[in-house]
Amino acid sequence: MRVANDADRLPWAAAWRIARRDLSARFRGLRLLLACLFLGTAALTAIGTLTAAVERELAANGAELLGGDIQVSVWQRPLSDAEASALAALGTVSGGTRLQAVARAEEATAPVEVKAVDAAYPLYGALVLTDGRTAGAPPPGDAWLAQGALDRLGIEVGDTFTLGLSTLRAAGVIAAEPDRLGEGFQLGPTIIVAENLPAQAGLLAPGAMYRTKVRVAFDPPRDAAPVAETLEQRFADSGLEVRTRDRASPGADRFVTQMGDFLTLVGLAALVIAGIGIGGGVASYLQSRRGAIATLKVLGAGSADTGRIYALQIGAAALIGSVAGVVAGIAVTPLLARALAGVLPVRSGVVADPGAIVLALAYSLLVAAIFTASPLLAARRTPAMALMRGAVAEHTGDRKAIMVVAGGVALLVALVLLTSVRPALAAGFMAASALAMAILAGLALLLRRAARRAPSPASPLTRLAVANLARPGSNLVALVTALGFGLSAFVLLAAVQTSIAGNIERRVPQQAPDYFVLDIPQAGLPAFSAAVRAVDPDAQIRAVPNLRGAILAYGPPDAMTRVSALEEVPDGAWALRGERGLTYAETLPPGNRLVEGTWWSADHAGERLVSVDEDLARAIGLRVGDRLSVGVLGTEITATVANLRQIDWDSLGFNHVLVFSPNTLRDAPHTLSATLGLNDGADRRRLLQTLVQQFPASSVIEVGEVLQQARLLLDQIGLATLAAASVAVLAGLVVLVGAMAAARAARVYDTVILRVLGADRRQILLLQALEFGILTAVLAVIALAIGAGTAWLVITQLFSFDWLPDWGTVLSVLVAGLVVVLVFATAGSLPFLRARPAQALRTL
């Protein structure tokens, strides 16, 4: 073969002219490539653009979402004079309180989130009512209510209701609350009241569980981060939580980023699966162009020349498919934004993020290059006479092809790791995906070997169907790998989602209490118990002291570590972030087990002692005998670690990381919290009415409402992941279409021979159905085994939940996917039946 030097090679411009003339305007032969890249790029663009839009909205409107340029919050006390003065020096201040309470209207009750605001509220944005009014703090005696509160209470605008010891008028319905996202998770609909209302209603008794929130609008404007750092250093031991407009909603920001990262990886996996179809489609296209390639070589074109011509054709198709995918992804984003409008801050309308678009294009073109390199180089190196005699040969051992593919894979992996928020997770996901594909490929090879060695079935059609799975040139490995991966992802997600839901449905109602009651006066516990027993004599009541405090320091007595001095919180030491619930107890709490040390006596009156969760102790290196300091109501209290406990978090009762000896916290102002477990026949409505009437300052939280919110969040996450998995299944279907296109000549030949030998259309179609029926049956077993096995590991090992999948749902999801595969496969066989024997035999 002639080896051309650079001077002899066809110029790129001339190569493009030939490629353009030879390329069909309708991209005949390359439509599979277009479909694969369109699908993958559209998914990646939509995911990336939506994630970037939400993150941009969080950053651009951080002050509005937070309610100020900076926010300082603290539990169970107002700000001190020094703290208030420091904030007043920064600009305009708006303060208030947040707490849980129970509203009552005649016999109806509703747990609500009370939001008390001053005259300066809101500092940013606008509070809008449903009648179109723009409002601030309501006048004395009035309140703005969320629609949910009106519905629960059964009242309308203008009616009155009771909150604590005060009677209020429902003066308006909240339509838009500018700082709703920044307020975080809530256990009831919002009621906005004037700043002094909680105190007047008796809701701010000493020890009550309320939170003071103060926002500042800077005057003059300044960078928020240095201000926050100064405040944290100046009031390091005061229990203050400082947030800035740059992190208006850390939970939402973290969720969006992590979910976007995960969905991008799933979309990329789908694109890689589609890459298998791309390889088959390009191989089929080059096979159909073997006459043109041979003609070019006979006329003097070198291997490099033919490589350039067809690389330009495939590159043009890849670019058009990718750009079309970008356009589709941008077009879909407004629909996704509209669906998430009530959950995340994203505006409707067309959104285009350049970074997300460039990244999606880079992923798409890299995958195209990786999977088209091998067939392109094979056609490039095949001699003209070999092309004239038959199909393009495969050069599986081509060193150059291996180097190109390896280089493309390395670039793809590097791009994923560099653009991922959590590179370790991205690397683990890619490694797990690669392992899953390798396992699937190995199973496909075993299936091929089993099909070759299996005894011949009695039925001729079944015998031919089994033989087709193991025939030379069969795409069994590609099909099992691609379709098996997508269907396994379906089974995995269905099993995980239904198993978590099963745990919520079956375990939680058995172990969780029916109600949580907050802010019970210490002296009122006997009356509280009597009120509950009057409704249900056998009710289970557990009351514990309830305080809030932040861990300030820990470690050996002579070398304690200040939390404020830590540059980064150790892994697993979540209790060091902000304030946590504190309690004291004479005996070991139910559901806890001592693992080290001893419990104090019930009448202990010596040094202050504390019991610590063993997981926290392990995370921060705390041992029995070390010291731990907490800040409670602005006072630093130091205690000695007496023991370490293992906590049963599944009990869903009061589980405290820190439990102190009674002499440590008994004298601090505090209230009690209680859990109530009722019998099935208890009159719950009567109980709620009694508690609200006798204890108006207490808050009653129904566990069922909390579980409903958990289910809603689970459904939203499940819908997003199921949509991403659907892209993977669609990619597998594209691979199926590609495999059939790549084997078109062989299947047309088989069909023609069978028809010449006397087979009718029904028998040929039945043969195809049997072949793909066997394939789908194998895929069902593989997908069920891999998907369910992986789901079991996730549920039992990662989440430590019981394995409780809904097999009906799991199997229905799997069967739906298999039916779609079988329908596509059978429909793809129909064109082969239309082949005319005489014409087909002349062209083979």
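## Helix packing and burial in a predicted model

With a relative accessibility of 14%, A14 counts as buried, because the cut-off for that class is under 20%. This residue belongs to a predicted model, in which A14 has its place in helix 1, spanning residues 12–22. Although A14 and R308 are separated by 294 residues in sequence, their C-alpha atoms are 9.9 Å apart in space.

Helix 10, which runs over residues 290–298, has I293, A294, L296 and K297 among its residues, and these four are buried. They lie on the same side of helix 10, because the arc that they cover around the axis is only 160 degrees. Just after this helix, G300 adopts a positive phi of about 110 degrees.

A further element of the model is the pairing of helix 18 with helix 21, whose axes are 9 Å apart and pack at an angle of about 160 degrees. Since angles over 145 degrees count as roughly antiparallel, helix 18 is therefore roughly antiparallel to helix 21. The crossing of helix 18 and helix 21 is right-handed, and the residues that make the contact are set out below.

| Helix | Residue range | Residues in the contact |
|---|---|---|
| Helix 18 | residues 525–535 | A527, F528, A531, V532, A534 and V535 |
| Helix 21 | residues 684–694 | R686, L687, T690, L691 and Q694 |

By residue class, the contact of helix 18 with helix 21 comprises eight nonpolar residues, two polar ones and one charged one.

Methods. Residues numbered from 1 in each chain as written. Predicted model: local features only at pLDDT ≥ 70, side-chain atom pairs only at ≥ 80, totals over all residues. Heavy atoms only, no water. Buried < 20%, exposed > 50% of the residue type's maximum accessible area, 1.4 Å probe, protein only. Helix = DSSP H or I, 4+ residues; strand = E, 2+ residues; numbered from the N terminus. Arc of directions from axis to C-beta. Axes fitted to C-alpha atoms, helices over the stretch in contact; angles between N-to-C directions. Parallel < 35°, antiparallel > 145°, perpendicular 65-115°, else oblique. Left-handed = near helix turned anticlockwise from the far one by under 90°. Contact = heavy atoms within 4.5 Å. Nonpolar A, V, L, I, M, F, W, Y, C, P; charged D, E, K, R; others polar.
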